[in-house]
Amino acid sequence: MNKNVNLFEKVQHGSVMFPLEYYHCVFPFGLGNLPVHWHKEFEITYVQKGSCTYQIDLQTYQIQEGDFLLVPPEMLHGTGEDPEQEFVTDSFVFRMDMLESQRQDSCTARFLTPLDGGQLRFPVYLPAENPAAGLLRDAFEKIRQTFLEKPFGYELEIKAELYHFFFLLYSRVPYQRTDLENREITRKLKLVLQFIQDHYQQTVTVQELAEICHFSEYHFMRFFKQHMNMTCIEYLNQYRLEMAARQLVQTDLSVTGIALESGFNNISYFNRAFKKKFGVTPREYRFNSHSC
């Protein structure tokens with residue numbers, strides 16, 4: 001299972017020559033939730049099983065089996081809470097410019113570049129009952145099978161099917177121009193969340209976060225709670241816990257060392273908060289992860 005849970009994912013999706021990657025994710029099997037994050041690639045996610053609360057671009061959606069998520073580049077997204085039951089998704093994350101022509105043509109100018117640059121946008125949530133969902137699912141499954149089997153020339157087939165996928169979107173799903181006000185709100189949130197990612201191991205104050213947006217502390221706290229559905233301190237602690245969980249799996253550091261590395265100065269509080277979020281103690285989490 002791929003565990004890319006940073007706010008801004010600095011990992012490379014796919015290779016330089018073929019910037020596309022496939023992710024099969026099972027929640028909450030040792031992963032918890034997926035903190036709100038963003039990346040420079042387009043993401044297509046199909047829900048294979050279960051249901052979950054998901055936040056995309058300042059809106060909350062209750063997604064379930066058969067639904068699609070269409071997340072354009074640099075859009076904030078992530079699960080709003082830990083799924084209570086098994087939740088399974090398949091995703092493709094890829095750079096839009098892998099489809100764009102170096103010599104400007106109508107496909108690039110009219111359909112791909114506006115989508116990549118955020119000037120045009122499809123609905124980020126496409127429910128299973130949408131008339132286009134069945135056709136999109138068939139195209140998505142063909143991409144998935146080709147990627148897993150990797151026959152000779154599979155890159156050509158995948159690019160062809162991605163073109164077909166976007167053809168289906170443009171021909172069957174309404175799109176719209178983006179809202180400039182929402183883009184400014186998202187820009188401010190990205191700056192705040194990026195600051196948290198860069199400084200979560202240190203002391204982070206509400207005043208510091210408010211100054212990033214040029215807001216008063218009171219205005220900032222209302223702003224953050226309204227758009228993130230949690231306080232900035234709750235988000236900070238959730239992010240710290242996710243980073244601690246990653247270190248428990250990927251390193252041999254002691255639990256105390258990981259707590260301190262993750263920004264928790266009170267070890268008892270760290271243990272209580274960790275168990276409340278993941279349902280097990282840090283030591284049990286490490287043991288269960290190594291046993292899988």
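Which residue in β7 does tyrosine 23 stand opposite? Tyrosine 23 stands opposite serine 91.

## Basis of the model

The model is predicted, so local features are taken only where pLDDT is at least 70 and side-chain atom pairs only at pLDDT 80 or more, whereas totals for chains, interfaces and linings use all residues. Residues are numbered from 1 along each chain as its sequence is written, and side-chain values use heavy atoms, with hydrogens and water left out.

## Strands β1 and β7

Strands (E, at least two residues) and helices (H or I, at least four residues) are DSSP runs numbered from the N terminus. Strand β1 (residues 20-27) and strand β7 (residues 87-94) run antiparallel and are joined by eight bridges, where pairing requires that DSSP find at least two bridges between two strands.

Six of the eight residues of β1 are buried, so the strand is largely enclosed by the rest of the structure; buried means under 20% relative accessible area, exposed over 50%, and partly exposed in between, with a 1.4 Å probe and protein chains only.

## Helix α9

Helix α9 covers residues 267-278, and its 12 residues should span 16 Å at 1.5 Å a residue, which agrees with the 16 Å between its end C-alpha atoms; the expected span is 1.5 Å times one less than the number of residues. Phe270, Ala273, Phe274, Lys277 and Phe278 are buried in α9. Seen down the helix axis, these buried residues fall within an arc of 110°, so they line one face of α9, the arc being that of the directions from the axis to the C-beta atoms. Arg272 and Lys276, on the other side of α9, are exposed.

At the start of α9, a side-chain oxygen of asparagine 266 comes to within 3.1 Å of the backbone nitrogen of serine 268. Just after the helix, glycine 279 takes a positive phi of about 85°.

## Positive phi in two loops

Lysine 150, although not a glycine, has a positive phi of about 50°; it is found in the loop between α2 (133-149) and α3 (154-172), and at 39% relative accessibility it counts as partly exposed. Histidine 214, also a residue other than glycine, has a positive phi near 60° and is found in the loop between α5 (206-213) and α6 (217-228), where histidine 214 is exposed, with a relative accessible area of 73%.

## Cysteines

Cysteine 25 is buried, with a relative accessible area of 10%, and cysteine 52 counts as buried at 3% relative accessibility. With a disulfide taken as a pair of cysteine sulfur atoms within 2.5 Å, the count of disulfides comes to zero.

Definitions and conventions
Polar contact = N/O pair within 3.5 Å; in protein donor to acceptor, adjacent residues only side chain to side chain.
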